[in-house]
Amino acid sequence: MGLSTRFTELLGVQHPIVLAPMGGSAGGALAAAVSRGGGLGMLGSANGDPEWLARELPLMAEAAGRPWGIGFLTWQIDADAIERALEHRPRAVMLSFGDPSPFAERIRAVDTVLIIQVTDLEEARQAVDLGADVIVAQGTESGGHGARQGRSTLPFVPVVVDLAAPVPVLAAGGIADGRGVAAALALGAAGALVGTRFQATTEALVDPSTAKAIVEGHGEDTERNRVLDIARGSRWPSKYTARTLGHRYLDLWRGREAELAADPRARHDYQQDVAQGEIPSLPMWAGEAVDLITDLPSAADLVATLAAQAEDALNRAGRL
């Protein structure tokens, strides 16, 4: 039957479980599998690259007519990226990390569900003012990018739930099994946005070494930093750092970010090491709940597993 919430009713999905639109790993096969499994699959389009979309969007046919969406890094895109996405009629568009105001009205004008991810209360208030249909409250436990001075998921989510009501809120950050989904619902959220757990699936667009590192990793192996963004020449705003597994360049430059930014030779060395296969082409994004990830299932099967675990946890807590 699935857990019915305001989110599942709004999106027409069976389970209140959403694939985080992770750039570099949430491609068409992964998003389609999550949607096919009864969750909401979200393509991780990042900057809306036309070639990437042309390659990944046809794979959404595997969603078998189920709702799906697409996510963007708001600081990287322009209006053309939104227009290209809307041509394919996604059920939802998610905007993260940056000012969503230039794009919100256009998305809502075509009856597409507008999802805005927030990392602090200022962003949450803006999302409400812009008429977001769904708000994602991201805690600092999350893998990949998040607020440098953000708040943990447990205290942050209920504050956003109260601020945004009656807009449904999804919890994000440190959720890697059904107990985390159940906890999100207990906090008042209408569902959970899950990232790292879906990187360790058969459909994820990640290097096998990254999947292996996630399965073998521990929460204490993760660290939030700007070092790897600086080393690889990424233009991510300094407000957002990234939680990753350990990395050679992190060990070399930890606490010396300003020095690294002023050293073009170090950044050249990083690119050389990538080209020679000495380090992965992308950092190994991973959240604090990585300990809970021990296998590489199909994403469709994983959605069903997470939903069943969540129902069981809520039953045990006397919630159902």
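Residues are numbered from 1 along each chain as its sequence is written, and side-chain values use heavy atoms, with hydrogens and water left out. Because the model is predicted, local features need pLDDT of at least 70 and side-chain atom pairs count only at pLDDT 80 or more, while totals for chains, interfaces and linings use all residues.

Helices here (H or I, at least four residues) and strands (E, at least two) are DSSP runs, numbered from the N terminus. Two strands pair if DSSP finds at least two bridges between them.

**The helix pair.** Let's start with α8 (residues 178-186) and α15 (residues 299-316), which pack at an angle of about 55 degrees with their axes 7 Å apart. That angle makes α8 oblique to α15 (under 35 degrees counts as roughly parallel, over 145 as roughly antiparallel, 65 to 115 as roughly perpendicular and the rest as oblique). Axes are lines fitted to C-alpha atoms, for helices over the stretch in contact, and angles run from 0 to 180 degrees between N-to-C directions. On the α8 side, G178, R179, V181, A182 and L185 meet L306, Q309, A310, A313 and L314 of α15; contact means heavy atoms within 4.5 Å. The residues of this contact divide into seven nonpolar, two polar and one charged (Ala, Val, Leu, Ile, Met, Phe, Trp, Tyr, Cys and Pro count as nonpolar, Asp, Glu, Lys and Arg as charged, and the others, Gly among them, as polar).

| Strands | Sense | Bridges | A bridge pair |
|---|---|---|---|
| β2 (41-46) and β3 (68-73) | parallel | five | M42 and G69 |
| β7 (144-147) and β11 (240-244) | antiparallel | four | A147 and Y240 |

Six of the six residues of β2 are buried, where buried means under 20% relative accessible area, exposed over 50% and partly exposed in between (1.4 Å probe, protein chains only). Both faces of β2 are covered, with G41, L43 and S45 on one side and M42, G44 and A46 on the other.

β7 and β11 belong to an open sheet of three strands, in the order β7-β11-β10 with antiparallel pairing. Its edge strands, β7 and β10 (223-225), each pair on one side only. From one strand to the next, the twist averages 35 degrees.

**A loop residue.** T74 sits in the loop between β3 and α4 (79-86). T74 is buried, with a relative accessible area of 5%. Leaving aside neighbours within four places in sequence, T74 is in contact with L95, S96, F97, G98, D99, P100 and F103.
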